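Good morning, and thank you for joining this meeting. Please take a moment to look at the sequence and the structure on the screen before we go through them together.

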Amino acid sequence: MSVNKPVVLLAEELSPATIAALGPDFEIRQTDGADRTLLLSAITDVDAILVRSATQVDAEAIAAAKNLKIIARAGVGLDNVDIKSATQAGVMVVNAPTSNIISAAELTVGHIVSLARRIPAANASLKAGAWKRSSYTGVELFEKKAGIIGLGRIGALVAARLQGFGMEILAYDPYITPARAQQLGVTLVELDELLAQADFVTIHMPKTPETIGMLGKDAFAKMKNSAYVINVARGGLVDQDDLYTALKNGEIAGAGIDVYVQEPSTDLPFFKFENVTVTPHLGASTEEAQEKAGVSVAKSVRLALAGELVPDAVNVAGGVIDENVRPGIPLIEKLGRIFTALTVGSLTNIDVVVAGEIASFDVKALELSALKGVFMDVVSDQVSYVNAPVLAEQRGVATRLVTTPDSSEYRNLLTIKGASTEGTQLSVSGTLTGPKQIEKLVGINGYEIEIPVTDHMIVLRYADRPGVIGTLGNVLGDQGVNIAGMQVARKEERGEAVAVLAVDCSLPAGVLDIVRAAIGATVAREINLQD
């Protein structure tokens, strides 16, 4: 019997290495994503789409893609993807945030060297037939001060490379600790001090309302008139009009610019100055960066279509998943489905409690997985790690992640607790045991049980008395249902008991009602976890 493979649409040209990274498990299709008509036609039944910058994956495209689970941008920027619409639709959005960091850092250094030694102007002059050595006297970088605004991944790489020239590195970044700065060998200073002292100022900040125009008229006035400005980060961080004025008035010595407010830009006023080097947004334009971006998002697509959390997803608050946490993800999703099957009434709140050794790690992924499991069997929409928190919010369900290192019975214990509009309280707990990390259900509403989680389970609550277990065996045996395992728990003799049965198949219609009547169960639930 043939099995339909998930469909991956390549909307732009991607490297052979990207396709190889996807592997043989998908049907690969291609289209011209820049052609709107072709895109909307091609996207209708795909599971994933890979784009660069020319394809607009907006609300219309997302609405047309009924099976879409992931949008992958083979690059850093996401201006061409409607993240809000994707999140509402439960579609994961990923990019390749680290694919171009080395290329961007090297381009920054390239601009600095070009400005210091006036390489572009000298090159143009010589090619025009003039030999003007004395006209292009530059400056050494040795013992000069570089001011780095934003000491993130790219800023740190720039710092390391400029240190190789013997430069002193000043940095401004309100989110970097002095210990981290010391580790990088840089001196943290306030922005005004950096502007006043630096011979080369390079900015590596995200584009936000607070950072737009960060280097403008006021900043240029504080800089040395021998200083240079470099921007390979985002267009608009340097105010283009103010830059022109500062260059025209000699307030600064020059600039190296790779990004612009509007792109493409080919005739901005400051282009005319010989002491300005400009490039057409080349920060990620290396063969290595392009290939790394494609391979990175291809790996993300594989993870997403396998139902796993993706570290580079921009609309999932999961983060990088520690190897100690990862085994608990499928378990707590199943606990979420068990929780839902046992819930009476609509939920008002959910607590995801992580106890034990793994509580010291980032376990946000476990909360997302729990919510995915809780809503998987109760909504008609596709439920993913992306929109599970949205579904909770839309339904007025308050959610909370609770961590504690205390776990007396088990090395690690995962619990989902909640309350419903009916006033009922419910909790289910599970753990992983042994070298094979067997998934086990170990608690329901404080009743201690220990039974492997299987595809088909029955949960019963009834008055504890002799003969019930035999009756269950007889009833299910008469119906052709084999019991694979069973655990019974009670809090007191002849009180209320909870039984959990693992069975080999789904119950035939009406069998659960027969079981309920046979033992007088107050609760009888069948749980099917088979996808």
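Which residue in β10 does Thr202 stand opposite? Thr202 stands opposite Ile230. Before I place that pair, some remarks on the source. This is a predicted model, in which local features need pLDDT of at least 70 and side-chain atom pairs count only at pLDDT 80 or more, while totals for chains, interfaces and linings use all residues. Residues are numbered from 1 along each chain as its sequence is written, and side-chain values use heavy atoms, with hydrogens and water left out.

I begin with the parallel sheet. Strands here are DSSP runs of E with at least two residues, helices are runs of H or I with at least four, and both are numbered from the N terminus. Two strands pair if DSSP finds at least two bridges between them. Seven strands make up an open sheet with parallel pairing, in the order β8-β7-β6-β9-β10-β11-β12. Its edge strands, each pairing on one side only, are β8 (187–188) and β12 (276–278). Within this sheet, β9 (residues 200–203) and β10 (residues 228–231) run parallel and are joined by four bridges. Helix α5 (residues 101–117) lies across β9, β10, β11 (254–257) and β12, at about 155° to β10. Such angles run from 0 to 180 degrees between N-to-C directions, and axes are lines fitted to C-alpha atoms, for helices over the stretch in contact; contact means heavy atoms within 4.5 Å.

I turn now to the mixed sheet. Six strands form this open sheet, in the order β14-β13-β15-β16-β17-β18. At its edges are β14 (398–404) and β18 (447–452), each of which pairs on one side only. On average, neighbouring strands here are turned by 20° against each other, direction ignored. Strands β16 (residues 425–433) and β17 (residues 438–444) pair in the antiparallel sense over six bridges, and Val428 has Ile444 of β17 as its bridge partner. Helix α13 lies across β13 (347–356), β15 (412–420), β16 and β17, running at about 155° to β16. Helix α14 also packs on the sheet, where it touches β13, β14 and β15, and its direction makes about 140° with that of β13.

How do these helices meet? Two packed helices are described by the angle between their axes and the distance between the axes. For α13 (residues 328–342) and α14 (residues 364–376), the axes come within 7 Å and cross at roughly 35°. Among the residues making the contact are Ile332 and Phe339 of α13, with Leu366 and Val374 of α14.

Next, the aromatic residues. Rings of Phe, Tyr and Trp (its six-membered ring) pair if their centres lie within 6.5 Å; planes under 30 degrees apart count as stacked, over 60 as edge-to-face and the rest as tilted. By this rule there are four aromatic pairs. In one of them, the ring centres of Phe270 and Phe271 are 5.3 Å apart and the planes are at 75°, so the pair is edge-to-face. Together with Tyr260, these residues form one aromatic cluster. Phe270 is buried at 1%, whereas Phe271 is partly exposed at 22%.

Finally, Gln30 lies in strand β2 (residues 27–30) and counts as exposed, at 61% relative accessibility. Thank you for your attention.

Conventions:
Buried means under 20% relative accessible area, exposed over 50%, partly exposed in between (1.4 Å probe, protein chains only).
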